[in-house]
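Hello,

Here is the structure I promised to pass on to you. Please have a look at it first, and then read on for what turned up.

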Amino acid sequence: MSELKRAGTHDDGDICVNFSSNPHIDDIILARNSRRQVLGGMVAVAGLLGLSACDGDDAGQTQSNATVSAGAAAVTSSGKNVTLAGTATNSTGVLWTQVSGPTVALSNANSNTASFIAPAVSAPTQLVFAFNAPGTNNTVASANTTVTVNPATLGFTALPKLLNDVVTVPEGYSISVLYALGDPIAPGVPAYGNQGNDTNFAQRAGDHHDGMYYFGLNAAGTARDDTSNTRGILCVNHENVTEQYLHAGGTLTVVNGARVDRVEVDREIESHGVGIVEVARGSTGVWAYNQASPFNRRITPNTPMQFNGPVRGDARMRTLFSPTGTSGRGTVNNCANGYAPWGTYLTCEENWAGYFNRAAGDNALRPTKEGQAYGRYGVAGGPVAGLNWGTLAVSDPTETKYRKWNASVVAGPADGTGDFRYEPNQYGWIVEIDPYDPASTPRKRTALGRMAHEGAWPANFVAGRPPVYYMGDDSRGEYFYKFVSATNWDPADAQRTDRLNVGDKYLDNGTLYVARFDATGQGAWLPLVFGQGVLTAANSLYAFESQADVLINARLAADALGGTKMDRPEWAGVNPVNGEVYLTLTNGNATSRPLAGTDAANPRHYNDPRTTGAAQRGNPNGHIIRLRETGDNATALTFQWDIYLFGAGSDLDPNNINLSGLDATNDFASPDGLWFARPSNPSGQINPLLWIQTDDGSFTDQTNNQMLLALPGRVGDGGARTITNTDANGATRQQATIVGRTPGLNLKRFLVGPRNAEITGIDSTPDGRTVFVNIQHPGEGGPTATPSSNWPTSQSGPGNNARPRSATIVITKNDGGVVGL
């Protein structure tokens, strides 16, 4: 008789080969366990007692000469890594199988020690497992054990407030640095020197890492695989630069108000945009990026772009470079992000207006409405601003990559095709990028409107309904928007390989809406559609000429419609289970939110004194608002809202300022980044984890910027509240609002960053066991010679006065569980 041969060790626990004429061990075990499941209660009792067994409970079957124990019963919670430990004697092999409960994937099932990730549950749930071992007589001995899984909790001890120069995470977690400013992403590019002399940032990591998304790759690294947890493409926004650490001298070289060092300007330009890098987890569990990957790519302010949607070809888009107004170059100030389920990345152009300069008196050379529109977006006439790239003079008269940043009326035809007077209109859009095709040209999706875009987060896609995207406009007193596609979603489009063409289908036609938050706790979406209501040429605020005009000047259209002006609307996130939408309102000052200017959705005016006693009035700590669309349908025109969280120090007035009852384990200010865990793992199921990141100046006397985790409730779980606001003169004013329930233990501080850094940008692998987070501008504002932060050098030892670098970090749980649970 041939010997029974078993596989060595496989994660799926399959028995690969049986050369004998005897029954396969899988067949024996499956047949046996199907009978045991009939006994139900007896199985559970055996598991709870951790009994050994010798297979004597099946009538008529020969008793096994092996003995086994499945170990004691255990209790855990969703997302935890659970280890099953069995023992067997006189056996020829072992195999763990699941008898009952929600199905889980067993790792190392054909060994004494198997493991699994506890599934998401809404109530305590028992999972029963059998530990099986064939004796030398080919008869299986089996014993059961029971694991009770409780609903998810925030499974870590909250961090204290910290002011040190490292990234700190809770006990039981580890971090590593994956991708930092200047890292080479092409073959032959030398390592980063970090002394301000490096060049060729078109093939290096850019600066100010911000929004990002992980796209899976198959094991061979050749094609898309949305389920991959070990290999993928990371798209990372590079928002801005910290010039004192980027350049050798630490300052911009300026002569008579003009930039004169072309190397410096190129370094700055190329450090903006988007980085696309292949990343993988090695055999030791450490993540690294692949410098030689064919997917690696930098998209900068010089990269060719294509315009799509209603604004394509409009007269306001024409330039010397693009006389037809259908193409352009580059993306800049890329802050938050989004994604499309057909496998593309959405990057968002935020504070682009500050990169352009116009000559004093430029408005006099234009039609009145052009100056009005530029003023509304902050493209002001007068002295040069920002990094002043447009002031760099070069000898080559055909070179326009610097001249395009000068938006003055200079020369040529009145239609603007002789200069770059309309170049600012080519920025402020959502840009779609195909990360799997390095040769593709990114497309700017103009149907989603032009503003200081802070993210483009999709609602939960539903077959037969139009896709919906939510977007903040990041400036004090601006608005919250959503875009509803004109085309119903077809799930068959999710895996198409012509991904940007799929984007054409869903993102080039639709309706843009602005939100109005009413004092009743209800709200409405107001359509930005030319010819409807006040959006006509007869409008007294601004004479709209076309739908392209409405979209280019979405802020003016929102003004005319009466949208609710918010306290810096930034990142949005959509609960993957119930579809509720969360929006961070980072902060407001006394000018943008005076005592008499509060409303129900932006209700606070107060002072948060720093330890120095300096006044910080208005809404310096910010808040998070949330809404539930009517009928839980993202295309609805009405919604219900409340304020989920109020940023505040735990020492502030609980009746009028610290309305969420925050304590030392979860107080925060200036919420910015916001992200719900992926629904492909327990942290994004049943009651998904909400990650909150801060970009704070008001609370940094007590702690560096931070990241918190929350298990939020539902819109309407709190109630109406009236607070008393107080201004600098002691005057008071009452304001009614709607407050969510106090978070208590369902909100904890998970991470504290290094000095002077913003915590921004987050995503995970599909299994939630690896989380990527960005650390932006550590040491911001510090001197070049003695930086105020030396991170990431300081993370693993002495800072040695190293220049700080923005970077992407990797967070994992030491026991292999889901991060945060």
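**What was found**

The largest nonpolar core has 63 residues, and Tyr481 and Leu528 are the ones with the most contacts inside it. Apart from that core lies another, of 58 residues, including Leu627, Ala634, Met707 and Trp791. As background, nonpolar side chains in soluble globular proteins tend to be buried together. Please keep in mind that this is a predicted model.

Now to the chain as a whole. The protein chain has 8 helices and 46 strands. Its radius of gyration is 29 Å, close to the 28 Å that the globule rule gives for 821 residues, so the chain is as compact as a globular protein of that length. Along the principal axes, the C-alpha atoms fill a box of roughly 100 × 65 × 55 Å. Of the 821 residues, 58% are buried. If you take the contacts between residues at least 6 apart in sequence, 67% of them join residues at least 24 apart.

The surface and the charges come next.

A few spots in the backbone deserve a look of their own. Most residues other than glycine have a negative phi, and most peptide bonds are trans. Against that background, which residues does a cis peptide bond join? They are Trp791 and Pro792, with omega at about 10°. Trp791 is also among the residues of the 58-residue core, while Pro792 is found in the loop between β45 (770-776) and β46 (807-813).

Two further residues are in the loop between β10 (173-180) and β11 (209-216): Asn200 and His208. Asn200 is not a glycine, yet has a positive phi of about 60°. His208 is not a glycine either, and has a positive phi of about 50°. Is His208 buried or exposed? At 4% relative accessibility, His208 counts as buried, because the cut-off for buried is under 20%. Asn200, at 32% relative accessibility, counts as partly exposed, because that value falls between the 20% and 50% cut-offs.

If you open the model, you could start with Tyr481 and Leu528 in the largest nonpolar core, then go to the cis peptide bond between Trp791 and Pro792.

Best wishes

Note on methods. Residues are numbered from 1 along each chain as its sequence is written. This is a predicted model: local features need pLDDT of at least 70, side-chain atom pairs count only at pLDDT 80 or more; totals for chains, interfaces and linings use all residues. Side-chain values use heavy atoms; hydrogens and water are left out. Helices (H or I, at least four residues) and strands (E, at least two) are DSSP runs, numbered from the N terminus. The radius of gyration is taken over C-alpha atoms; the globule rule is 2.2 Å times the number of residues to the power 0.38. Buried means under 20% relative accessible area, exposed over 50%, partly exposed in between (1.4 Å probe, protein chains only). Contact means heavy atoms within 4.5 Å. A nonpolar core is a set of buried Ala, Val, Leu, Ile, Met, Phe, Trp, Tyr and Cys residues joined through side-chain atoms within 4.5 Å.
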